[in-house]
Amino acid sequence: MGEDDVYAKDGRVEPIAEDDDVYTKDGTVDYQGDPANKKVTGTWKACPFILGNECCERLAYYGMSSNLVIYFKTRLHQSSARAAKSNSNWSGTCYLTPLLGAFLADAYLGRYKTIASFSIIYVIGMTLLTLSASVPGMKPTCVSKDDCYANNGQTAACFIALYLIALGTGGIKPCVSSYGADQFDDDDEVEKKHKGSFFNWFYFSINVGALIASSVLVWIQMNEGWSWGFGIPAVAMAIAVVCFFSGTRLYRNQKPGGSPLTRIIQVLVASVRKYKVKVPEDKSILYETTDAESAIKGSRKLDHTNEFSFFDKAAVVEPTDHIKDSKDPWRLATVTQVEELKSIIRLLPVWATGIIFAAVYNQMSNFFVLQGTLMDLHVGKSSFEIPAASLSVFDTLSVIIWVPIYDQLIVPFARKFTGHRNGITTLQRMGIGLFISIFSMVCAAILELIRLRKVKENNYYDDEHMPMSVFWQSPQYFLIGAAEVFTFIGQLDFFYDQAPDAMRSLCSALSLSTVALGNYFNSLLVTIVTNVTTKNNKPGWIPDNLNYGHLDYFFWMLAVLSILNLGAFLLISKWYTYKKTVGSIR
């Protein structure tokens with residue numbers, strides 16, 4: 001036996017700890033299915049391909065979606081309220097389909113295969129959308145530039161393409177951020193420290209793509225036509241796919257752990273079956289595997305927590321459970337399995353507070369754009385006009401400015417006082433973002449109040465544009481961008497970090513679903529507000545011509561809801577218990 005070897009407990013000869021450090025300890029494997037070698041896989045070696053993929057994919061997505069409400073209104077001939085609802089419903093679906101993609105990734109396919117297969121669907125959808133806007137017979141018939149009509153078949157082709165894109169993005173959104181975070185070993189303190197930075201730069205790459213989309217591509221759509229406006233994003237998506245596949249040999253992959261929903265239901269059933277059983281005072285005698293790895297393939301064990309003790313009954317061992325031969329998973333669950341369910345339950349209240357924030361964020365692609373179209377679109381005193389949707393560039397610039405400030409200045413500064421590796425906790429970060437978002441709605445409401453006063457004073461009601469610069473919208477966009485850096489990036493980090501190993505895609509999808517529900521909630525608010533405020537033949541808050549409405553009331557309502565939401569978040573954060581893993585796999 002060499003001096004670099006030691007005996008393991010079962011008599012096998014194993015290398016000493018220094019050699020173990022060659023491989024990751026969180027259960028990840030390389031592209032061939034072998035234990036991931038730290039020196040040749042993962043970390044910042046693999047991340048450029050993932051960040052490049054995300055940048056191009058987001059360029060494609062925002063390049064197609066930023067101005068979509070205008071396409072619905074001018075090409076499909078929808079009213080302002082209907083165009084806003086169509087846009088909200090589609091956007092919502094884009095953030096709901098990740099639940100399907102995440103389930104397939106965690107249970108069966110793994111994140112790499114899920115991203116690869118759904119990317120193909122995405123490209124097909126982008127291609128069909130381009131054809132629906134450019135091929136005679138498929139594209140709407142136009143009498144003039146903004147006077148177009150689409151028959152049922154043309155409208156159907158457009159929406160089939162859009163919902164194929166929604167399906168495709170459902171396999172990418174929940175997996176790509178988690179897949180990037182998988183490249184850093186959770187059980188290596190040096191690598192783990194870089195994981196927080198990854199989420200910052202991941203969101204940075206999103207907004208580099210969005211910057212190009214909201215400036216160049218939106219201008220192309222309004223000036224060169226929708227064929228080019230949708231065609232370029234389709235090409236960008238194809239580049240994103242090539243970029244992703246180029247890094248295959250460098251990636252670390254987490255093994256799929258089987259259906260997380262089945263495991264959750266098993267705990268629920270076992271708990272109900274044993275509802276009369278008393279949970280022992282000594283929690284160490286609750287059922288758990290003796291191996292370093294949990295019963296869930298490729299996952300670390302979770303430490304027991306005291307909340308929701310009813311579900312601990314599922315891990316109480318009874319003679320009828322047949323431990324020595326084989327256990328009935330519908331009668332007996334491991335502590336880790338029980339803690340998986342508890343983790344999800346603890347996440348749900350935090351998740352719910354993201355819905356109002358998402359409704360505020362949704363205003364950028366809906367009512368901010370419609371508000372801007374009625375303002376002066378000229379750049380300074382020149383004859384050059386910018387599309388109203390291009391003002392979202394200030395949101396993007398805000399993110400691009402704030403990410404390095406947060407990562408390079410705020411985190412190190414805060415770390416000196418708190419000792420926390422990320423400066424502040426993810427919950428504190430999210431709360432700061434919720435606070436900032438309130439002021440975005442206040443800015444939007446005040447701007448609309450001033451705009452409507454000028455309309456009334458100067459009788460601008462039927463003018464296409466009023467002499468008030470659209471750049472007055474920039475503060476509300478900038479504030480939403482700052483809020484994103486704190487809340488959305490905080491959410492990405494929080495839901496990944498607090499998710500059990502085998503449920504990370506699902507928890508990322510859960511985080512993204514707040515955006516879906518925020519879109520649907522916004523659509524519901526628009527419907528309720530329209531129905532209530534248009535009684536007795538009144539124009540209502542949101543008429544087709546917003547000069548006759550009161551969009552400022554709608555923004556004030558969202559500001560009040562945001563304040564109430566922040567209060568609820570602070571109470572929930574005080575109650576939250578962070579998860580703890582036990583040991584490592586290798």
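Predicted model: local features only at pLDDT ≥ 70, side-chain atom pairs only at ≥ 80, totals over all residues.

Started with the network: Glu307, Asp312, Glu339, Lys342 and Arg346 are linked by salt bridges (a side-chain nitrogen of Lys or Arg within 4 Å of a carboxyl oxygen of Asp or Glu). Residues are numbered from 1 along each chain as its sequence is written, and side-chain values use heavy atoms, with hydrogens and water left out.

Looked up the count next: the structure holds 13 salt bridges.

Then I checked lysine 38, which pairs with aspartate 185 at 3.9 Å between the closest N and O atoms. Lysine 38 is in the loop between helix 1 (17–20) and helix 2 (43–65), and aspartate 185 is in the loop between helix 6 (152–181) and helix 7 (189–223), so the pair ties together parts 147 residues apart in sequence. Helices here are DSSP runs of H or I, at least four residues, numbered from the N terminus. Both lysine 38 and aspartate 185 are buried (under 20% relative accessible area, 1.4 Å probe, protein chains only).

Next pair: arginine 111 and aspartate 182 form a salt bridge at 2.6 Å, N to O. I placed arginine 111 in helix 5 (residues 98–134) and aspartate 182 in the loop between helix 6 and helix 7, 71 residues apart. Arginine 111 and aspartate 182 are both buried.

Last one: arginine 252 bridges to glutamate 191, closest N and O atoms 2.9 Å apart. Arginine 252 is buried at 0% relative accessible area, and glutamate 191 counts as buried at 8%.

Technical notes. Helix = DSSP H or I, 4+ residues; strand = E, 2+ residues; numbered from the N terminus. Buried < 20%, exposed > 50% of the residue type's maximum accessible area, 1.4 Å probe, protein only.
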